[in-house]
Each structure stands twice: as C-alpha cells, then as structure tokens.
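I opened the notebook to look up charged side-chain pairs. The structure comes first, then my entries.

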Amino acid sequence: WLVNSPAASVVFRRWVLPPSHAILVDLLSRFDPPEMGPLAEATKAAFREAIPLLGKEPILVEALSKMLALLVPHAIPLMPPLAVTFVLGQGALPPADTFLAMADWFGSAVEEHWDELTGWAASHAEVRLDAAQVLDRLLWFDSDGFKHFPGKESTR
C-alpha cells in the first residue's frame with residue numbers, strides 16, 4: 001500500500017501512539033455517518049486545528065490522505081504532490097489549506113459528476129467501486145498514472 005509513497009513508516013507509527021492516535025480517532029469520527037460532498041465547516045475546523053499537530057514532514061498531506069483515502073474513500077482522495085498540483089496549481093499552501101482545498105474540490109466534483117461517475121463505477125466488473133473511488137483513480141491517472149502505461153495519454 002505504501003509503494004511509490006515517500007511517506008515514511010515512522011510517521012504512521014507515530015500516528016498510532018498518543019497524542020496523535022486520539023487526534024486521528026476524532027477526525028475519523030467526523031465521517032460517521034458518511035456524507036458526500038464538501039466537508040462540513042465543523043469538520044474543516046477540526047482538520048485545520050489537527051493537521052499541524054500531526055507533524056511537520058513535507059509529506060504530511062500525502063501521508064494523511066493515504067490513510068484517510070483507505071478509511072473514508074467517499075470523502076478523501078489520495079493527495080500525492082502531482083495530484084495536488086493537477087487540481088490546485090503550482091502555488092504552495094500550508095498543509096491544512098492544501099488538504100482542505102483538495103477535499104473540497106473532491107467532494108464538489110463527486111457531487112457535480114455523480115451520475116457519470118456512478119455509471120463508470122457500475123461498468124467496472126473486476127472491483128466494486130463507487131463514484132468517489134472512480135474520481136480518485138481518474139485523478140491519479142491524469143496527474144501521474146498515465147506515465148506508467150506506454151501509449152496511453154493523459155485526458156488533460
């Protein structure tokens with residue numbers, strides 16, 4: 001799961017220990033019940049406060065998104081640097097602002113393109129996907145993945 005990720009295992013290890021563990025459990029509780037679309041204002045405030053407490057590593061956003069995309073894929077996409085640049089452009093934002101801008105974009109895009117994404121998900125027989133998971137995979141492919149498939153082009 002961590003293949004092709006610069007997120008060091010020591011970061012994830014730190015997150016299962018106090019005080020990070022309690023912070024992450026609180027953040028995860030905000031996704032129950034699961035809601036589609038942009039994050040609620042209270043959830044954004046919690047993330048804005050929590051992200052600086054989780055570390056200072058330059059890979060913080062990517063590491064946090066790796067964990068959350070696995071646990072709450074309906075709300076959080078993977079956020080490797082190429083995907084962030086693809087969506088937000090080249091400007092550097094603080095980690096919390098980057099994370100929240102990506103989550104807002106993702107939630108809005110899933111809502112806006114729900115029918116088309118759901119149709120694509122239904123046509124994928126190998127693995128059961130939902131609309132958000134389809135968008136996450138499209139984002140990866142268009143920002144980076146097409147390089148791994150010779151002869152395929154980005155849809156940008």
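**Salt bridges**

I searched the whole structure and found five salt bridges, each defined as a side-chain nitrogen of Lys or Arg within 4 Å of a carboxyl oxygen of Asp or Glu. This is a predicted model, in which local features need pLDDT of at least 70, side-chain atom pairs count only at pLDDT 80 or more, and totals for chains, interfaces and linings use all residues. Residues are numbered from 1 along each chain as its sequence is written, and side-chain values use heavy atoms, with hydrogens and water left out.

Entry: I looked up glutamate 57 and found its side chain in a salt bridge with that of arginine 14, at 2.9 Å, N to O. The pair links distant parts of the chain, 43 residues apart: glutamate 57 sits in the loop between helix H3 (41-50) and helix H4 (60-71), and arginine 14 in helix H1 (residues 9-15). Helices are DSSP runs (H or I, at least four residues), numbered from the N terminus. Glutamate 57 is partly exposed at 25% relative accessibility, and arginine 14 is partly exposed at 29%. Partly exposed lies between buried (under 20% relative accessible area) and exposed (over 50%), with a 1.4 Å probe and protein chains only.

Entry: I noted a salt bridge between the side chains of aspartate 97 and arginine 48, at 2.4 Å, N to O. This pair also links distant parts of the chain, with aspartate 97 in helix H6 (residues 95-112) and arginine 48 in helix H3, 49 residues apart. Aspartate 97 has 29% relative accessibility, and arginine 48 has 42%.

Entry: I recorded the salt bridge of aspartate 26 and arginine 30 at 3.3 Å, N to O.

Entry: I found Glu41, Lys44 and Asp104 linked in a network of salt bridges.

Definitions and conventions:
Helix = DSSP H or I, 4+ residues; strand = E, 2+ residues; numbered from the N terminus.
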